[in-house]
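Could you walk me through this protein? I'd like a plain tour that I can follow with the model open on my screen.

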Amino acid sequence: MSSYNPRRVRVDTPLLERVINGRPITYLDSASSTLPPRPVIEAMARYYELRHANVHRGVYQTAVEATDVYEGARAATARFINAPQGMDEVVFTKNTTESFNLLAKSWGAANLKAGDVVLVTEMEHHANIVPWFQLRDQTGIEVRFVPVSDDFRLDVSDLDRLLDGVKLFSFTAASNVLGTRNPVKELTRIAHDHGALVALDAAQSVGHQPTDVVDLDVDFFCFSAHKMLGPTGLGVFWTRAAILESMPPFLGGGGMIADVRRDGYVPADGPTRFEAGTPPIAETAGLTAAIRYLEGLGLANIARHEDELTGDALKRLANEFDGRVRVIGPADTVDRGGVLSLDVDGVHPHDVAQVLDQFGVCVRPGHHCAKPLMRRFNLAATARASFGPYSLTSDTDVLLEALGSAVTMFA
Amino acid sequence: MANLDDLYREIILDHYRTPRNRGELSSPPAIRTEGFNPLCGDELVIYLDIQDDVLVDIKLSGHGCSISQASSSMMSAAVKGKTIDEVRAAIERFKQLMTVHETTLDGNGEAPVADLRTMGELAALQGVVKFPVRIKCATLAWNTLSQGLDDYGVQGTGSK
Ligand SMILES: Cc1ncc(COP(=O)(O)O)c(C=O)c1O
């Protein structure tokens, strides 16, 4: 059974010991990147201290061990997301962004032709927009958007019409700006009824709620290790084995081939076909440790805790500051994650973040790589606070104290 | 530790709260030029009315943080009515003020000090260099002005 105590996670997370500008750090930027706990850091250090070697084809002991670390992480990841055919469906990439580029540039280029439609949403991260525009500019596909309504949810009133002619519906499980959690299963069912495949951007969900690709019934699944307590430099791309086998290679080079002659090459089978060059290896050791750590906490427990934090923060933000601080996102915790995009009346998000830094509070100002969404709400930027498994209501206390100071300073 | 008061001087906050020379000029005849700070989404539009080598009028529109708004407001006040040579010289002085010198970046040695006496109110922006991520906010207006002059081939007389 899992046991979860956010204070315990805090103790496990060395970066939270830092003092910034004379104050203990208040880290509220987990939507950008989560902080790794000691087991993750130690797994990577241990890998370099004891086992480092290049992977695959090594015969000596440490090379075999390094390969086991790498392939072991693939197996752990497959289990973590419940990949039906196991590790043969899990491709390691650099991050979510590269996973979407792999999807667009391999599967997309091979399967989509001029006039075919890729449907995305207005709340997507640029990672799930720009690769489709690039493909559009090459092949003449159409990129269509599901709009976001004034209540910060997808406007699905016209979904049946929008899905007409769609080959792929690619959307995010949770918005990194609004916090909105989308009804993945329902949207997937409707898309499948229209004959479209479904790709899910799980960057904002995997570290915050349980994941099961079979239950979700999606066809592609992309996420980053660094948003689930793991290291940077490592991402995951999952698709059903049958689809993966049909996808042409992406980057070319060593590791992704079965044979190379002077007149051409034969790509490797399985996930390695998409893993050209020496991959991140220590990072996979970190990912395995992150998965174990998260499972030890229990993802349902994390979700419940972050819900409570979010509900409390939403209530307090609504009651203080005489309405000068507006949350750009759903006002209650129903289908909503722990991301709070703040618009402070009369204070630019950059200035908000600057004042907050003085209190050791880490929030992110900017457009959060979701410019179509920002335009939709006539915003250039927000100051975004977001929770992780180590967050506590005391973080919200400091956030409110610092926001009060920002409001006063620019009044 | 960099102190927030170094950044948000009262005169900066004043320019932020009551920006000077806000508005638009019809273009043409005025030069219209746009600047963006892709990092924070700041957008600035500058209108320049140049007659006989003199920047007769300048107007600003757009949105941004207190530093970029104050910097553009202070800039407009500093360059309005000046000759193109004087405007170009002011641009150079300001860029120098905002330069983080390698000597300070690697942690030993002091940055050469720009001559603040010639800068008037603009000297209040000097504190920005202690907050390197905000330098782009302060220079946006000046780079946009410089770009506008270049794009339209506006030359000074070169005489000093
Ligand atoms: C929803 C969403 N998609 C994609 C990404 C891109 O992730 P990465 O930068 O790790 O590629 C992010 C991260 O900001 C995100 O929040």
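**A strand and a pocket**

Let's start with one pairing: A:Ala199 has A:Phe220 as its bridge partner in β9(A). Keep in mind as you look around that this is a predicted model. That contact belongs to a parallel pairing, in which three bridges join β8, residues 197-201 of chain A, to β9(A). β9(A) also pairs with β10, residues 235-239 of chain A, this time antiparallel and through five bridges.

Now move over to the largest pocket, which has a volume of about 1,100 Å³. Where does it lie? Domain 1 (6-30 + 299-409) and domain 2 (42-295) of chain A both contribute to its lining, so the pocket lies between them. The lining counts 43 residues, and those nearest the centre are A:Asp29, A:Ser32, A:Val363, A:Arg364 and A:Pro365. By class, 18 are nonpolar, 17 polar and eight charged. Among the contributors of at least two residues each are α4 (96-111) and β16 (364-366) of chain A, while α12(A) gives the largest share, with four residues.

Note on methods. Residues numbered from 1 in each chain as written. Chains lettered and ligands numbered in written order. Predicted model: local features only at pLDDT ≥ 70, side-chain atom pairs only at ≥ 80, totals over all residues. Heavy atoms only, no water. 1 Å grid on protein atoms, 1.4 Å probe; cavity = no way out; pocket = protein on both sides within 12 Å on 5 of 7 lines; lining within 4 Å. Points joined across faces, edges and corners; volume = space filled by probe spheres on them. Nonpolar A, V, L, I, M, F, W, Y, C, P; charged D, E, K, R; others polar. Domains from an automatic or database assignment. Pairing = 2+ DSSP bridges.
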